[in-house]
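Open the model in your viewer and keep the sequence panel beside it.

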Amino acid sequence: SAAIYLGRKRMKILLLTQDYGGQSGKAAEVANYLGFKQTTGPELVGKFQEHLENLEVENMVEEVKTVEKTASGFLVKTREKSFETKTVLVCSGKAPKHLNVKGEEKFSGKGVSYCAICDAPLFRDKVVVVVGGGNSALDAALELEKHAQTVYIVNIGPEIQGDAIMKEKFEQSPKSKVLNDAKTTEIYGKEMVEGLKYEDQKTREIKNLACEGIFVEIGWTSSTGFLKNLVKLNNLQEIEVDKNGMTSCPGIFAAGDVTDTPFKQIIIAAGEGAKAALSAWKYLITLK
């Protein structure tokens, strides 16, 4: 959204991204984006990219490693390249949190996944587990039930939290099962995932749950590590921005889920991206 607005202003811009669409591109179902009664994350992001391509905005798939302040602006560094710029607009979103339990890293990509919409078809007619207890977990479970034999939600809390409609859809599925008050403690297997261990929070008993796939959906962490203390963050490591999308560092703007703006929604992120882009444009044309 930001790139499209700046492209229309005929600004010299570069879009750097690791993953077009970010969290939006991983959503199994999008039913609340204006103008799209029913679509999926990948389909919506595809439309966004198509729009961007029509403007011929320069873009690269590169992970930003650091942003450094310079006398004339900023130096943005990826693994192998550096870019000088007068302004930076951060729309880096959030990354999935990890369980940090034994076996998680070992089996990442070998049955452990953080993207149901990406990997669900790999688990056709298999028993899978979603670890989590909110909307992200429900979204993943609803995507997985299209393919899997059985879908468990292993939830550390006493009950599933999330939108009533999504909860109802999941509960109505004959494939769905929920284990509440269950804290995942280990992921095990030989070459591939064979199951997980969890602690019953009421009895403190350690139990086994056999499965062939584990999807971690326990929330997200803000992608701000590359800013190296350049901007002020809140206690959730979100970038603090003013009503114009300006950060505490003049010349750096931010938008979307990476900021402290409330209500993390695709349509809000798109609007914030447009606003921050226009603010960056105004900042540039008024520079001495």
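Which residues line the second largest pocket? Select Leu-99, Val-101, Val-131, Gly-132, Gly-133, Val-154, Asn-155, Ile-156, Ala-182, Lys-183, Thr-184 and Ile-218. This is a predicted model, in which local features need pLDDT of at least 70 and side-chain atom pairs count only at pLDDT 80 or more, while totals for chains, interfaces and linings use all residues. Residues are numbered from 1 along each chain as its sequence is written, and side-chain values use heavy atoms, with hydrogens and water left out.

The second largest pocket has a volume of about 200 Å³. A pocket here is an open set of points on a 1 Å grid over the protein atoms alone, with protein on both sides within 12 Å along at least five of seven lines, and lining residues have an atom within 4 Å of a point. Colour strand β12 (residues 182-189), which gives the most to this lining, with three residues. By class, the lining of the second largest pocket has seven nonpolar, four polar and one charged.

Next, select Gly-256, Asp-257, Thr-261, Pro-262, Phe-263, Lys-264, Gln-265, Ile-268, Ala-269 and Glu-272, which line the largest cavity. A cavity is a set of points where a 1.4 Å probe fits but cannot get out. The largest cavity has a volume of about 40 Å³, and the structure holds one cavity of 30 Å³ or more. Its lining divides into four nonpolar, three polar and three charged residues.

For the last stop, show helix α4 (residues 135-144) and helix α5 (residues 164-172), which pack at an angle of about 40 degrees with their axes 10 Å apart. The contact of α4 with α5 has five nonpolar, one polar and three charged residues.

Note on methods
Axes are lines fitted to C-alpha atoms, for helices over the stretch in contact, and angles run from 0 to 180 degrees between N-to-C directions. Helices (H or I, at least four residues) and strands (E, at least two) are DSSP runs, numbered from the N terminus. Ala, Val, Leu, Ile, Met, Phe, Trp, Tyr, Cys and Pro count as nonpolar, Asp, Glu, Lys and Arg as charged, and the others, Gly among them, as polar. Grid points are joined across faces, edges and corners, and a volume is the space filled by probe spheres set on the points.
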